[in-house]
Amino acid sequence: MNMKRFGNIAFAASSLVAIAALLGNAAGASDVKALSPAADTKDGTNWQNYGRTYDDDHFSPLTQVNDANIGQLGLVWSYDLDTFDSFTAPLEVDGVLYFAVGDAVVHAMDARTGKLLWKYDPEVWKVAGKKMRAGWGQRGIAFDHGKVFTGTRDGRLIAIDAKTGKLLWSQMTVDPNDDAYISGPPWVFNNKVIIGFGGGDYGPVRGYVTSYDQTTGKQAWRFYTVPGDPKKGFEDEAQAMAAKTWTGEWWKWGGGGNVWHAMNYDPKYNRIYLGTGNGFPWNQKIRSPGGGDNLFVASIVALDADTGKYVWHYQANPGNTWDYNNNMDIQLADLTIDGKVRSVILHAPKNGFFYVIDRETGKLISADKFAHVNWADHIDLETGRPVENPAARYEDGKPFVLFPSTVGAHAVSSMSFSPKTGLTYIPAIDMPTVVSDPPDMKNWKYREGMFFNPGVGPIPADIKLPTPTSALLAYDPVKQKAAWQVPQSGQANGGTIATAGNLVFQGLGSGDFVAYAADSGKRLWSYPVQNGILGNAITYTVRGRQYVTVITGWRRNGPTTPQWDYRQQKRRVLTFAIGGKATLPPAIFTEEPIVDDPAFAIDSAKAAVGEAIVTQSCRICHGTVLRPGGGAPDLRKSAIPLDAEAFQSVVRDGALMQRGMPSFAEFTPAELEGLRHYIRQRARADLAATTRVSGPTIPGS
């Protein structure tokens, strides 16, 4: 292996719900083909991979629906989902839709009619334990050779027969007792399936990916994304090289570097590309106190697809200390740059820079800002390293107002790339945060049990941040500049897809499913879907007719995000086509009031205990200040916290595990009481505020 360095580039028995209608009853479904995603790259008939093809560009060559007739696009059918989470992207193969919602409950449906064919429930809630606390549902699945693959929150990778819905095999891919969990899609290639996992925000996990044989489920190879304890020896030369970039006893913190979402397979070079996550904890001064690049966190890593051996890496954020990670889309394209066709990776991660990287060598070709960035001035193209703003590392106890925030300038919602226009379409976010060391960093310890443990301090009360905004950004990767952008409401919106019909489809938090002109950004069509959308749509053909399908569902909290009520959300599968005449039932939203009991006397000391717990755990679903944005019930409006016995039943005893609410069996009576007091404190503060402000807060009401 050639370890020559160039800057920061190195070369070298679950339950099966039986449905009477079998797959054979679906139009075109009687013959599920053993296709590989690479087999459908030209005509666009199927949407078989997360990003349609191995290019992962979320682009379709279909033109039946186009900018001239988009006004005739109408609803063909809808299907209501019984789930607590539907931030997901479907697939379509030979007339059948496949998707997973909630805790990896996989559905198969007739794409033309919306008829449910089968449903498979891995019953995650029965076995996940503390991993239920990760708070995220399923973002996507994979299909290959007549099999559907999905990961589960508890860490299993399972294979399901695409025709019958029967379980074929299941493999536990992580330690059941650690803080690792799965929310992202598996990726398929060469009769193998590969999966990573998350966990680097919660506890001391060491990142890796594992490849399995699609037929047998037998492990093929594993690659670690950060080095382990040197005393135990290194798995390969890449780990030995990476260890030189860490300081202190990093392995006691696990390291992080988790591949929780983005990967890709490159048939041209027979390589797997990994997008790696942040270190654990976020704050480098804790995990690697002497500094260092901390390979391979915040990187793209190329591996040989047959062996899993390291080939090259590019690290976007050496010594990452801001939760900037590279788990966003890794798209493959051939671009003409300086008169030469280059095979490249297109990548717009959290940190606000757009990267164009040579796929053969890993060498950075270009990088520039696509968003408001203040942590670095620019990327040095000679070394590939960012030229950082020294203040961004919040040294000497000085808080730093950071752009982009740890949410990112581009989060996990998909971007798309159109070879026809040469533009990428990014759901961009302009949002700051404040980073600082924790009050007693020298003695900082993480709380065990899968709690949120970033290793940074709270936002000082005297720092006022600007209001977050968002936009649909069309970005030219060759010119490294924006072609156009459309300002949007809220701080985040859904993923995008592009088509050869000069269209970009995107779901918005406002409850609109929208089509824009890909060349200009002009809004051409919209449909009120009665809910926010975070996942991306897909488009495909069945019997010569082009369909567009999207799944509605919303879970974002923040000062400008729409507040779709968790219990009233219209989580649905919606399918459109030219000439569609179906309609949705009228949307009836009730503005639920904040509840209170005047006899409940708030103890501020107890409320402070509850606020700390919310910050460490509850905020991911219930919101930082208990404004959940759709990810969980609004506790200010729930009567359960008013009843100590009922509250204990849900929070400590796990009465609602099946609906996604984890159990916190270790909470003491004092902690439970603290939560109750903080919920009342927030409820009364917001109740007082709402008496001075009129108007509905539920979009569509």
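Author: On a 1 Å grid over the protein atoms alone, a pocket is an open set of points with protein on both sides within 12 Å along at least five of seven lines, and its lining residues have an atom within 4 Å of a point. The model is predicted: local features need pLDDT of at least 70, side-chain atom pairs count only at pLDDT 80 or more, and totals for chains, interfaces and linings use all residues. Numbering starts from 1 along each chain as its sequence is written, and side-chain values use heavy atoms, without hydrogens or water.

The second largest pocket has 41 lining residues, and those nearest its centre are His622, Ala632, Pro633, Leu656 and Met661. Its volume, the space filled by probe spheres (1.4 Å probe) set on the points, is about 720 Å³. Two or more lining residues come from each of helix 3 (604-622), helix 4 (644-651) and helix 5 (669-690); helices are DSSP runs of H or I with at least four residues, and strands are runs of E with at least two. Helix 3 gives the largest share of this lining, five residues. By class, the lining holds 24 nonpolar, nine polar and eight charged residues, with Tyr, Cys and Pro among the nonpolar types and Gly among the polar ones.

Next, the aromatic contacts. The structure holds 40 aromatic pairs, that is, Phe, Tyr or Trp rings with centres within 6.5 Å (planes under 30 degrees apart are stacked, over 60 edge-to-face, the rest tilted). Tyr98 and Phe143 form a tilted pair, 5.4 Å centre to centre with 35° between the planes. Tyr98 belongs to strand 7 (residues 96-101) and Phe143 to strand 10 (residues 142-144), so the pair ties together parts 45 residues apart in sequence. Both Tyr98 and Phe143 are buried, meaning under 20% relative accessible area with a 1.4 Å probe. Trp169 and Tyr212 are also a tilted pair, at 6.5 Å and 40°. This pair links strand 13 (residues 167-172) with strand 16 (residues 208-213), 43 residues apart, and Trp169 and Tyr212 are buried. One aromatic cluster is formed by Tyr314, Trp322, Tyr324, Phe353, Tyr355 and Trp375.

Last, the hairpin. Strand 19 pairs with strand 20 (residues 271-275) in the antiparallel sense over four bridges, where pairing takes at least two DSSP bridges. Asn264 has Tyr273 of strand 20 as its bridge partner. Four residues lie between the strands, and Asn270 takes a positive phi near 50°. From strand 19 (residues 263-266), Met263 and Tyr265 point one way, Asn264 and Asp266 the other, and all are buried.

Conventions:
Buried means under 20% relative accessible area, exposed over 50%, partly exposed in between (1.4 Å probe, protein chains only). Rings of Phe, Tyr and Trp (its six-membered ring) pair if their centres lie within 6.5 Å; planes under 30 degrees apart count as stacked, over 60 as edge-to-face and the rest as tilted.
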